[in-house]
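Dear colleague,

I am passing on the structure below, together with notes on what was found in it. Please read the notes alongside the coordinates.

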Amino acid sequence: MNTPEFPPATAEPPLKAPLVLGVESSCDETGVALVTLDPVTGVPKLLGQALHTQVAMHAAYGGVVPELASRDHIRRVVPLLRQTLAEARLELSAVDAIAYTAGPGLAGALLVGSAFAEALAFALDKPVIPVHHLEGHLLSPLLTVDPPQFPFVALLVSGGHTQLMCVTGVGHYELLGETLDDAAGEAFDKSAKLLGLGYPGGPALAALAETADPSLVAEIKLPRPMLHSGDLEFSFAGLKTAVLTKVKAAEAAGGLSGTGRAALAAAVQEAIAAVLVAKCLQALKQTGLSRLVVAGGVGANRYLRASLISACQRRKCEVYFPDPSLCTDNGAMIALAGLLRLTSGTLSKTAGGFSVKPRWPLMEA
Ligand code: KG4
Ligand code: ZN
């Protein structure tokens, strides 16, 4: 199907703001949502959303099983669409465009969302908007009553990515730095696994860390990788190795106690947050910008949020987060990215059709 032409961006919201349906299926969450622009303020507005997480299904395997993920997306997507329409009190015919995650992600899982969106768009004779998953995360903090203005520095911290970007507008993203190996989310997940916590590890590690005795945490020395590297690159693989060494040492000495495990969890969280905060401040300094936007699953971490808020207060910078429920994968961020691409006249020319892009650099979107 050809990508239709859309009007260029205008400062004023259009008379009838488009209603965009978003579909997310890149990994282990099926998300569907309806987003539009407030006709008075022009601010994005979430009208309804439904989400199904496959966490319980994959937990038995200790991680995501791609084939099971794809099959579950197929099962869930239509009921979730019905639920979203019911919540928004809207008919399917009211939808103006359908956005879906075209990549990056698991190929089979992405194909479910793409086939669903393309088929629906064909049936309704409406345009389809392929969306980059990370762009969805990146723009998700705009889905609030008081969204940040462009330009801003964005910290993208998900399970697969850790990136700092300079964002000057929708579709205008400059990569400032990224991880050379593990992502911050992976560092959480792998450390959690070493501590005997289940999948997904990040939230479990964070919950355990909150119970830790600060005096025990202070005694644990973990590396803060690349803290003083002078650039905006990250590296978290060494942290996991340091945690493994601590766990093995504790096992050799009779096993890790409950308080010891909680302290180690808090030390991991502190080490990851310290590096992320330092690099964010450096990125703000380097770009001369005073607004920071944090997005992605790790952005839900309360310790990281508090650390960033106090660091930015000290530097007289503003920091914006999505609602914690919108940090991890969801349909709302995809609907929003689609809506903003549509209304700013910057639709991606590199994706679409029934093909998906399991690997897709954001700068090419
Ligand atoms: O953005 P996301 O939902 O999926 C990807 O696109 O990767 O991020 C998932 C990542 C996982 O590594 C998960 O453990 C981590 O975000 N995560 C957290 C928390 N909630 C999710 N990490 C630390 N603390 C949390 N509260
Ligand atoms: Zn994600």
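Predicted model: local features only at pLDDT ≥ 70, side-chain atom pairs only at ≥ 80, totals over all residues.

Residues are numbered from 1 along each chain as its sequence is written, chains are lettered from A and ligands numbered from 1 in the order in which they are written, and side-chain values use heavy atoms, with hydrogens and water left out.

An open sheet of 5 strands has the order β3-β2-β1-β4-β5, with mixed pairing; helices (H or I, at least four residues) and strands (E, at least two) are DSSP runs numbered from the N terminus, and two strands pair if DSSP finds at least two bridges between them. The edges are formed by β3 (44-53) and β5 (128-132), each of which pairs on one side only. On average, neighbouring strands of this sheet are turned by 20 degrees against each other, direction ignored, where axes are lines fitted to C-alpha atoms (for helices over the stretch in contact) and angles run from 0 to 180 degrees between N-to-C directions. Strand β4 (residues 97-103) runs parallel to β5 and is joined to it by 5 bridges, and Gly103 has His132 in β5 as its bridge partner.

Helix α3 (residues 107-124) lies across β1 (20-24), β4 and β5, and runs at about 160 degrees to β4. Helix α11 (residues 331-343) also packs on the sheet, touching β1, β2 (29-37), β3, β4 and β5, with its direction at about 40 degrees to that of β2; contact here means heavy atoms within 4.5 Å.

The structure holds 10 salt bridges, each defined as a side-chain nitrogen of Lys or Arg within 4 Å of a carboxyl oxygen of Asp or Glu. One of them joins Lys16 to Asp96, with the closest N and O atoms 2.9 Å apart, and this pair links the segment before β1 with the loop between α2 (66-88) and β4, 80 residues apart. Lys16 is exposed at 57% relative accessibility, while Asp96 is partly exposed at 25% (buried means under 20% relative accessible area, exposed over 50%, partly exposed in between, with a 1.4 Å probe and protein chains only). Within helix α2, Asp72 and Arg76 are 4 residues apart, and so separated by about one helical turn; their side chains meet in a salt bridge of 3.3 Å, N to O. Asp72 is buried at 1%, whereas Arg76 is partly exposed at 31%.

With regards
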